[in-house]
Amino acid sequence: MYDLIDECGEDLKSLGYEETQHGKYSLRIGKIEVNSSEKAKHTGFDKGTYIIYNCPLMHGYGEDCFDYISEQICKGLRLLMRKNNLNKKSRLLVVGLGNPAILADSIGPKVLDRMDLDVFRKPLRIFKFAPNIFVNTGINSFEVVHMLSIWLDVDGVCIIDALGTDSPSRLTTSIQINDVGMTPASAVNNLGNKLCKASLGVPCISIGVPTMLLAGKVSPEFPEKLILTPKDIHSEINNLSKLISQAITLSF
C-alpha cells in the first residue's frame with residue numbers, strides 16, 4: 001500500500017490527474033478526484049479529493065518559499081473545507097499522529113506544538129491533540145480520536161502524520177492533503193483503523209508528508225522493513241511543522 005497517490009503506479013493522467021506549475025520556487029501542484037469505484041480500484045485509494053504539493057528544492061529557498069507554499073496549501077485546505085461544508089465557525093479537532101521521540105515520525109506533534117490556541121476564548125472552536133503511538137501508550141489512536149470527536153462534538157477532524165515514499169527525492173519535499181482521512185502507521189503496518197468520515201461520523205481532512213524512505217520498495221537488496229530518513233531531518237521537520245501550522249491557522 002502506498003501513502004502518496006501519485007506513487008500508486010497507475011497512469012493518473014488517464015484518470016483525470018492534473019498538475020500545474022506555480023511560478024515561484026518550481027512548486028508543482030497536482031490534483032485528482034477519485035470519484036468512482038473504478039478510479040478507486042485502479043489507484044487503490046478511497047474516493048475523495050487528493051492534492052499534492054511537490055517542491056524538490058523547498059528547503060533551499062528559505063522563509064519566503066515556506067510562506068508561499070503555506071499560502072498554497074491554505075487554498076487547498078479551504079477548498080476541501082468548502083466541499084465538506086466546514087467553515088470558520090466549525091468546531092474542529094486537529095490530531096497530530098506519530099511518535100514525538102522519533103524525528104522522522106514527529107511531524108504531527110511538531111505541527112501541534114507550533115499551533116497557538118486561545119484557550120480562554122469562549123466558545124472554544126479549535127482543539128488539538130497528539131495521541132502518541134500504541135506501543136508507547138497501549139491506547140489505539142483511532143479509539144481515543146473517536147472518543148474525543150464525540151465528547152467535543154466537533155464538526156470535522158484534521159489529521160497530520162508522516163508518510164512513507166519509495167522516492168528519495170520526495171523525502172520532506174512533498175505534501176499531500178485529502179478529504180479521505182488517514183490510517184495511522186499505514187506506511188509500516190496495517191494494524192490501525194482508518195480515521196475517516198465513515199468511522200468518525202464527521203469529515204476528515206488529512207495532511208501527510210513523506211519523511212520515511214521505504215527502502216524495500218526502492219531495491220530488493222534492502223530488507224523489506226528498512227526505513228531511511230534524510231540526514232538533515234531535524235531542520236526539515238522544523239521547516240515543515242512551521243509551514244503546515246501556518247496553513248492550518250490561516251485555513252481554520
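Where is the place of threonine 172 in this structure?

1. Threonine 172 sits in the loop between E6 and E7, where helices (H or I, at least four residues) and strands (E, at least two) are DSSP runs numbered from the N terminus. This is a predicted model, in which local features need pLDDT of at least 70 and side-chain atom pairs count only at pLDDT 80 or more, while totals for chains, interfaces and linings use all residues. Residues are numbered from 1 along each chain as its sequence is written, and side-chain values use heavy atoms, with hydrogens and water left out.

2. Although threonine 172 is not a glycine, its phi is positive, at about 60°, and with 0% relative accessibility it counts as buried (buried means under 20% relative accessible area, exposed over 50%, and partly exposed in between, with a 1.4 Å probe and protein chains only). Aspartate 153, also not a glycine, has a positive phi of about 55°, but this residue lies in the loop between helix H6 (141-151) and E6 and counts as exposed at 56% relative accessibility. As background, most residues other than glycine have a negative phi.

3. Helix H3 (residues 63-83) packs with helix H9 (residues 233-251) at an angle of about 40°, their axes being 8 Å apart; axes are lines fitted to C-alpha atoms, for helices over the stretch in contact, and angles run from 0 to 180 degrees between N-to-C directions. The two helices are therefore oblique to each other, given that angles under 35 degrees count as roughly parallel, over 145 as roughly antiparallel, 65 to 115 as roughly perpendicular and the rest as oblique.

4. On the H4 side the contact is made by Ile107, Lys110, Val111 and Arg114, and the H9 side includes Ile237, Leu240, Ile244 and Ile248. The buried residues of H4 are Ile107, Gly108, Pro109, Val111 and Leu112, and these pack against strand E4 (92-97), strand E5 (126-132), strand E6 (156-165) and H9.

5. The largest nonpolar core has 41 residues, of which Met58, Ile73, Val94, Ile175, Ile177, Ile207 and Ile248 touch the most other members; such a core is a set of buried Ala, Val, Leu, Ile, Met, Phe, Trp, Tyr and Cys residues joined through side-chain atoms within 4.5 Å. Its largest share, eight residues, comes from H3. If residues up to four places away in sequence are not counted, isoleucine 248 touches Leu77, Val94, Val111, Met115, Cys158, Ile160 and Ile207. Apart from this core lies another, of 19 residues, including Leu4, Val145, Leu152 and Leu200.

6. Glutamine 176 lies in strand E7 (residues 174-178) and is buried, with a relative accessible area of 4%. Leaving aside neighbours within four places in sequence, glutamine 176 is in contact with residues including Asp3, Leu4, Tyr50, Leu163 and Ser206. Glutamine 176 and glycine 23 are 153 residues apart in sequence, and their C-alpha atoms are 19 Å apart in space.

Methods
Contact = heavy atoms within 4.5 Å.
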